[in-house]
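I opened this structure for the first time today. My notes follow in the order in which I looked things up.

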Amino acid sequence: MNEQQRKEQSQIKQTDHPTDGKSGKDNIERIKSTTSDEMIAKYFQTSYQPPDIKKARKRRKEDVQFHYDFSIPEDMANIGKGKKFLIRTYGCQMNEHDTEVMAGILTEMGYESTADTNEADIILLNTCAIRENAENKVFGEIGHLKPLKLEKPDLILGVCGCMSQEESVVNRILEKHHHVDLIFGTHNIHRLPHLVKEAMFGKAQVVEVWSKEGDIIENLPKARNGKIKAWVNIMYGCDKFCTYCIVPMTRGKERSRRPEDIIQEVRHLASQGYQEITLLGQNVNAYGKDFEDMEYTFGDLMDDMHKIDIPRVRFTTSHPRDFDDHLIEVLAKGGNLLDHIHLPVQSGSSEILKKMNRKYSREEYLELVRKIKEAIPNVTLTTDIIVGFPNETEEQFEETMTLVEEVGFEAAYTFIYSPREGTPAARKKDDVPEEVKKQRLYRLNELVNKQSAKSMKSYENKVVKVLVEGESKKDPNVLAGYTEKNKLVNFKGPKSAIGHIVEVKVTEAKTWSLNGEMVEKTVEVN
Ligand code: SAM
Ligand code: SF4
């Protein structure tokens with residue numbers, strides 16, 4: 001997705017999920033009185049193991065344990081009464097959903113959410129490590145929050161999410177950002193009450209980053225962002241080890257939730273009136289491959305979703321390698337399984353795909369697309385693409401361009417390759433100048449924009465079904481929502497349509513969105 005598309009897509013007003021907590025004056029004192037060497041020695045030797053790709057590859061299935069017994073310790077249950085929290089989320093849907101879980105835990109501890117940093121008693125930065133610029137943004141924010149922390153020593157400032165799983169990041173915070181009270185990893189979210197307690201009453205910076213990632217904690221509370229659409233985790237981690245990617249290290253090994261837990265969660269969401277769910281995993285097509293006691297795949301799960309009375313079911317992200325015929329067959333049943341598939345290709349060159357360890361070639365990807373289009377003729381395909389992978393030649397980049405045209409992607413998240421410490425690709429010498437990479441990204445975005453605009457044009461004068469999410473941020477008289485194929489639609493209509501699926505006649509197509517008029521009589525009664 002390019003900047004313009006990102007801007008358009010963020011135009012729907014949503015409620016924020018803030019965070020908060022309390023601490024004592026001794027926060028600053030304890031920070032001042034401990035040297036960073038002491039902190040590093042204490043926390044790294046006892047609880048922190050840096051991401052290690054060799055170890056990660058050896059992890060075993062049998063280490064997965066399920067827990068159904070999460071509860072807030074009695075002494076922390078009301079600790080947040082009268083206080084506020086704010087969580088700032090960076091990165092992917094997985095992080096957004098983790099934020100909902102942390103918001104749920106803090107709410108159960110008595111905290112209320114706020115969107116105002118000045119009001120917050122706890123501020124958590126839920127971070128993303130996927131590219132360097134994501135990390136730079138977080139360090140910028142940590143710096144911006146320093147005056148607030150100095151002014152309000154009781155404020156608890158925490159850093160969590162994927163960046164916390166990186167040794168270099170934890171080191172940098174411990175050495176240079178003493179105003180951060182709390183650092184915890186992606187496998188430590190359920191420990192939040194204990195960590196907050198330590199940050200409040202302890203004398204040192206609190207660091208808890210587990211590299212053990214075998215557990216699935218089932219009954220964590222969630223404060224969902226809205227009542228219309230919901231994220232549902234179906235699995236955690238990733239075992240694909242694409243050579244450019246930090247995720248297998250920051251999120252741990254692939255481990256699937258039990259189908260009965262997922263089905264129960266989705267049924268519950270349906271009964272609460274949610275209109276759309278998105279099943280989440282780094283590679284949802286690998287769902288169930290780690291079950292040792294049964295054969296149950298992602299196709300089987302989607303078949304079970306098809307039977308649940310909820311209007312829309314989406315999923316992300318889908319790795320082409322595990323996209324099997326059974327899944328295609330199930331998706332072709334339609335109904336609440338939408339005909340939009342996000343299928344990251346990353347590159348159109350088989351040589352680059354090999355270097356990326358994607359485990360499919362250009363031809364295999366195109367064959368998968370052919371099968372999908374044959375089974376679901378009206379399907380919309382979108383993708384992720386990285387340009388400027390180390391030593392990518394002009395010809396290899398051109399192969400990406402021709403693949404984008406051949407498949408006819410209607411949108412793409414496009415990125416310049418960003419070296420990530422600890423990944424195999426980051427060790428490669430790279431002879432492609434930054435300027436060339438930028439040019440390639442520009443050319444690719446021009447092509448994707450052209451294809452998007454063309455697909456949008458085809459909707460003019462047609463009626464589409466829109467799940468109305470709220471008012472447009474630009475104009476409160478305009479409502480906004482998404483079609484089944486995930487196209488953003490802006491239209492004038494009554495506020496009572498929010499939360500419902502309505503029919504809208506498209507009057508004007510733009511590059512990344514549609515304008516329309518509501519077809520009055522067809523508001524569904526949900
Ligand atoms: N699991 C998903 C898959 O395999 O398609 C992707 C998850 S990742 C959070 C989202 C996207 O970030 C990837 O599809 C890839 O295009 C991009 N990405 C990951 N690592 C990157 C890197 N080092 N530099 C640039 N883009 C990267
Ligand atoms: Fe990263 Fe996705 Fe590859 Fe996993 S499959 S390593 S998350 S790009």
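I began with the shell around ligand 2 and sorted its residues by type: seven are nonpolar, two polar and two charged. In this sorting, Ala, Val, Leu, Ile, Met, Phe, Trp, Tyr, Cys and Pro count as nonpolar, Asp, Glu, Lys and Arg as charged, and the others, Gly among them, as polar. I then listed the shell: Cys238, Lys240, Phe241, Cys242, Tyr244, Cys245, Val247, Pro248, Gln282, His319 and Arg358. A residue is near a molecule if one of its heavy atoms lies within 4 Å of it.

I noted the ground rules. This is a predicted model, where local features need pLDDT of at least 70 and side-chain atom pairs count only at pLDDT 80 or more, while totals for chains, interfaces and linings use all residues. Residues are numbered from 1 along each chain as its sequence is written, chains are lettered from A and ligands numbered from 1 in the order written, and side-chain values use heavy atoms, without hydrogens and water.

Next I checked confidence. pLDDT is the predictor's confidence in each residue, from 0 to 100. The protein's mean is 89, and 86% of its residues reach 70 or more. Over residues 34-50 the pLDDT is below 50, and this stretch has 35 contacts beyond near neighbours in sequence. Contact means heavy atoms within 4.5 Å. Where pLDDT is low, the predicted coordinates should not be read in detail.

Then I turned to strand S18, residues 478-482. Strands are DSSP runs (E, at least two residues), numbered from the N terminus. Is S18 covered on one face or on both? Both are: Val478, Ala480 and Tyr482 are buried on one side, Leu479 and Gly481 on the other. Buried means under 20% relative accessible area, exposed over 50%, partly exposed in between (1.4 Å probe, protein chains only). In a regular strand the side chains alternate between the two faces of the sheet.

I looked up the partners of S18. Two strands pair if DSSP finds at least two bridges between them. S17 (residues 463-471) runs antiparallel to S18, with four bridges. Here glycine 470 faces alanine 480. Leucine 479 has phenylalanine 491 as its bridge partner in S19. Five residues lie between S18 and S19 in their hairpin, and asparagine 486 in that turn has a positive phi of about 65°.

Last, I found glycine 82 in the loop between S1 (65-67) and S2 (84-89). Glycine 82 counts as exposed because its relative accessibility is 78%.
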